[in-house]
Amino acid sequence: MHEEFRTEQFAESFVGVWTRVVTDPRGFFQDMPIRGGIQAPLLFMVGCLVLAGLGFLIVGPRGIGLSLVFWGTLRSFLYAAVFMMVARSVFAGVGDYEANYRIVAYATAPMALMWLPWIGSLTMLYAIFLVIVGMDRVNGFDAVKSVLTVLLASVVILALGWVFGFHYHGYHPGLAMGCHR
C-alpha cells in the first residue's frame, strides 16, 4: 500500500505511488498524509516531470524537456497557494498550504506520459481530475465545491499569467501544470 513517496526506496516507491495515484486516486488521496513536509511530494513531482521531459527529448519537441521541469516545479508552488486561497476564502476549505501542495505534486503523476502522442491531452485532463479528487479530502469538500475551486483557481492562475506576461499561444499538453512560458 503506497500512501506516500519514500525517497530512501526511490525507484520502488516511485512506481508504487505512481501506479496508485493513477489507478486508485480516491484511495490514494484518502490515505495520503496531509502532514510530513513537501519534500517527498516535490521529489515525486520532479520525477514525473523529468520522465515527461525525457520523453519530449526523444520524440520532440525537444525544447520542452528542460523548461517543463523548471516551469512545472516553479508553478506548482503558485498553484498550491492559489488553490488554498480559493478553497479557504470562497468555500471555507480547511486545507493548509502543505496539504494543497501535496495534491498538486501527486496530481502530476499522469503528466509523466504527456509526451506520448494521442495521450498528452488526456494526461492534462486526468491531472485536473486528480486535483479535484484531492480537494475533496484535503479541504473537506464535496465534488461540487472541489470542481468550483479548481475552476475559480484556474481563472485566477490564467489572470496572473496574463498580468505577468505568461501568455498562452497555441496548443501545449503541459499547460495544466504551467509548463509553457
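## The largest nonpolar core

In this predicted model, the largest nonpolar core has 43 residues, of which Phe44, Phe83 and Tyr106 touch the most other members. A nonpolar core is here a set of buried Ala, Val, Leu, Ile, Met, Phe, Trp, Tyr and Cys residues joined through side-chain atoms within 4.5 Å. Two or more residues of this core are given by each of α1 (10-23), α2 (25-31), α3 (39-59), α4, α5, α6 and α7 (143-163). The largest share, 8 residues, comes from α4. Helices are DSSP runs (H or I, at least four residues), as strands are (E, at least two), and both are numbered from the N terminus.

Phe44 is in contact with Phe5, Phe14, Val17, Trp18, Ala105, Tyr106 and Ala109, leaving aside its neighbours within four places in sequence. Contact means heavy atoms within 4.5 Å. In soluble globular proteins, nonpolar side chains tend to be buried together.

## Basis of the values

Residues are numbered from 1 along each chain as its sequence is written, and side-chain values use heavy atoms, with hydrogens and water left out. Because the model is predicted, local features need pLDDT of at least 70 and side-chain atom pairs count only at pLDDT 80 or more, whereas totals for chains, interfaces and linings use all residues.

## Packing of α3 against α4

The axes of α3 and α4 lie 8 Å apart, and the two helices pack at an angle of about 155 degrees. Axes are lines fitted to C-alpha atoms, for helices over the stretch in contact, and angles run from 0 to 180 degrees between N-to-C directions. The helices α3 and α4 are therefore roughly antiparallel to each other. In this scheme, angles under 35 degrees count as roughly parallel, over 145 as roughly antiparallel, 65 to 115 as roughly perpendicular and the rest as oblique. The crossing of α3 and α4 is right-handed. A crossing is right-handed if the near helix is turned clockwise from the far one by less than a right angle, and left-handed if anticlockwise.

On the α3 side, the residues that meet α4 are Leu42, Met45, Val46, Leu49, Val50, Ala52, Gly53, Phe56 and Leu57. Their counterparts in α4 are Ile64, Gly65, Leu68, Val69, Gly72, Thr73, Ser76 and Phe77. By class, the contact of α3 with α4 holds 12 nonpolar, 5 polar and no charged residues. Ala, Val, Leu, Ile, Met, Phe, Trp, Tyr, Cys and Pro count as nonpolar, Asp, Glu, Lys and Arg as charged, and the others, Gly among them, as polar.

## Packing of α4 against α5

Helix α4 (residues 64-91) packs on helix α5 (residues 97-106) at an angle of about 125 degrees, with axes 8 Å apart. That angle makes α4 oblique to α5. The crossing of α4 past α5 is right-handed.

Ser76, Phe77, Tyr79, Ala80, Ala81, Phe83 and Met84 in α4 meet Tyr97, Asn100, Tyr101 and Val104 in α5. The residues of this contact divide into 9 nonpolar, 2 polar and no charged.

## Burial of helix α5

Of the 10 residues of α5, 9 are buried, so this helix is largely enclosed by the rest of the structure. Buried means under 20% relative accessible area, exposed over 50% and partly exposed in between (1.4 Å probe, protein chains only). The buried residues of α5 are Glu98, Ala99, Asn100, Tyr101, Arg102, Ile103, Val104, Ala105 and Tyr106. They pack against α1, α2, α3, α4 and α6.

Arg102 is located in α5 and is buried, with a relative accessible area of 0%. Not counting residues up to four places away in sequence, Arg102 touches Glu4, Met32, Pro33, Ile34, Arg35, Gly36, Gly37 and Pro41. Ala99, also in α5, counts as buried at 1% relative accessibility. Beyond its neighbours within four places in sequence, Ala99 is in contact with Ile34 and Val138. The C-alpha atoms of Ala99 and Arg35 are separated by 6.8 Å, although these residues are 64 residues apart along the chain.

## Ile132 in helix α6

Ile132 lies in helix α6 (residues 120-139) and counts as buried at 17% relative accessibility. Its contacts, not counting residues up to four places away in sequence, are Ser146, Val147 and Val150. The C-alpha atoms of Ile132 and Ser146, 14 residues apart along the chain, are separated by 5.2 Å.

## Positive phi values in loops

Ala92, in the loop between α4 and α5, has a positive phi of about 55 degrees although it is not a glycine. Ala92 counts as exposed at 60% relative accessibility. Trp118, in the loop between α5 and α6, has a phi near 75 degrees, a positive value in a residue other than glycine. Trp118 is exposed, with a relative accessible area of 83%.
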